[in-house]
Amino acid sequence: MEPNVRANGDDNSRSLPILDPTEQHYFVKPIKRIHEGHDVPSFLTSQAYRDIGIFVMQLNVAICPRKLPALGQSQSWQLDSAIVLSEPVRKLQELLQSIDAIIEEAPPDTGPRRFGNVSFRKWYEILESRISSLLETHLPRSVLDIKSTSGDGVSVLDELTPYLMGGFGSSQRLDYGTGHELSFFAFLGCIWKLGGFTTTPSQDGELERSIVLGIIEPYLRVVRRLILTYTLEPAGSHGVWGLDDHSFLPYIFGSSQYCPPIADGDPMPIEGALSNSPNPGDIAKKTVVDRERKHNMYFSAVGFINDVKTGPFWEHSPILFDISGVRSGWGKINKGMIKMYNAEVLSKFPVVQHFPFGSLFSWDQDPNASQVAPSVHTASQPHGGSSSSSGPATARQPQESTRAPWANPPSGAMGTTTAPWAGTPAPGHGNSGAPSTRAPWAQGQSGNLPERPKTEGPTRAPWADQRGPGGR
């Protein structure tokens, strides 16, 4: 399988491979492989990393609006759109409903506490005790019946269970973050690979859209309820300099929902926006967020931030606020979110250190992967004994406080880390000479970093466009 799936869409027909469900498979119980920061470059050239990227791009292009040439119109999909759900998608919805219902059996502890509510451990224990029966009930029979050739008797459920359990936070640290979100995403990828959604490649993206709207969004709702109920701490968070304390995928798929329409087979747009879509700057307007969160994943995620944080939006979410100033529309934001996901989630040790590797998301090296060049991401990874903390995020050093941590490094800094599935921009777009350790899609008019902002007023990520009238 070729590794180069471009963020800008030279090959939108690419999708995660589907195994023959009639053949036996050698299942492996997933285990931890990323023990220290220097293991991250090996992950970035692994088959698991390649497959995660392919699946992200596959779902991303599916949720993008489509042109309807015969009618001279376009079609888009919202969270409340009436979509046809296949039986596997419907059953996984029911699985999430069963998981959500366990919250009623483990009410939050009312005693004093500093960080996460200890009753989350009871909730997690109940889920762990029922997970096998839940999967037996809700997974497609074609998946459950796949025979294993593993000599030590590892079954399909032995491989799938750690990904699902890992998708709901840590009962030890009482936290939840993008690494847990990644684990659930891999769970869906495993089912896709095993033919649980379909045994033939999807042509029009209808199935992938139902996965995004019918499974991933309901999953996020369950997670948000867990966070509110048990006051789960952010895991691996950048604090105020992170995009979001807990999630990233809704910003990718939500920005795709507002991209300009494409025809089947077209590349993802890298600028522009769907007609009548809200302005990116509207995320700072609570009335617009409250309206749009019912329809769009990006605004739904921002709405949850408003639910749990107080104060000016630019103050508690400066990165999202700066991204809202991008003038080139949701297409550019979507392209940037893909690159940022690679840099700030997949390339960061505190996020990926607990991701387990089995046969379906394999630690084996991708034979077609390019060597990972040293970068500010790979060079600054923690070493032995480091782990993500479950307590509050600590403040960054003063010299970093007015720049996004993943912004353009100073002259002489190390090279770049590039996802093989998020290739270079199309000719005439982007900043071809800029390193990919910055947000390359949200630069100033000159293409260079502006001067460090003054201390008074909102702190800005220095790569964001200057705003025009109306918060744009």
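Which elements cover the buried residues of α9? In this predicted model, the covering elements include α2 (47-62), α7 (178-193) and α8 (206-230), together with α11 (297-308), α13 (318-323) and α14 (330-346). Helix α9 itself spans residues 249-257 and is mostly covered, with nine of its nine residues buried. The buried residues are Leu 249, Pro 250, Tyr 251, Ile 252, Phe 253, Gly 254, Ser 255, Ser 256 and Gln 257.

Helix α7, one of the elements that cover α9, also gives the most to the lining of the second largest pocket, contributing five residues. The volume of this pocket is about 490 Å³. Its lining comprises 23 residues, of which Tyr 124, Gly 166, Arg 173, His 180 and His 354 are the closest to the pocket centre. Two or more lining residues come from each of α4 (119-138), α6 (156-165), α7 and α15 (349-352). By residue class, the lining of the second largest pocket divides into nine nonpolar, 12 polar and two charged residues.

Confidence should be read alongside these features. The protein chain has an average pLDDT of 80, and 75% of the residues score at least 70.

Technical notes
Residues are numbered from 1 along each chain as its sequence is written. This is a predicted model: local features need pLDDT of at least 70, side-chain atom pairs count only at pLDDT 80 or more; totals for chains, interfaces and linings use all residues. Side-chain values use heavy atoms; hydrogens and water are left out. pLDDT is the predictor's confidence in each residue, from 0 to 100. Buried means under 20% relative accessible area, exposed over 50%, partly exposed in between (1.4 Å probe, protein chains only). Helices (H or I, at least four residues) and strands (E, at least two) are DSSP runs, numbered from the N terminus. Contact means heavy atoms within 4.5 Å. On a 1 Å grid over the protein atoms alone, a cavity is a set of points where a 1.4 Å probe fits but cannot get out, and a pocket is an open set with protein on both sides within 12 Å along at least five of seven lines; lining residues have an atom within 4 Å of a point. Grid points are joined across faces, edges and corners, and a volume is the space filled by probe spheres set on the points. Ala, Val, Leu, Ile, Met, Phe, Trp, Tyr, Cys and Pro count as nonpolar, Asp, Glu, Lys and Arg as charged, and the others, Gly among them, as polar.
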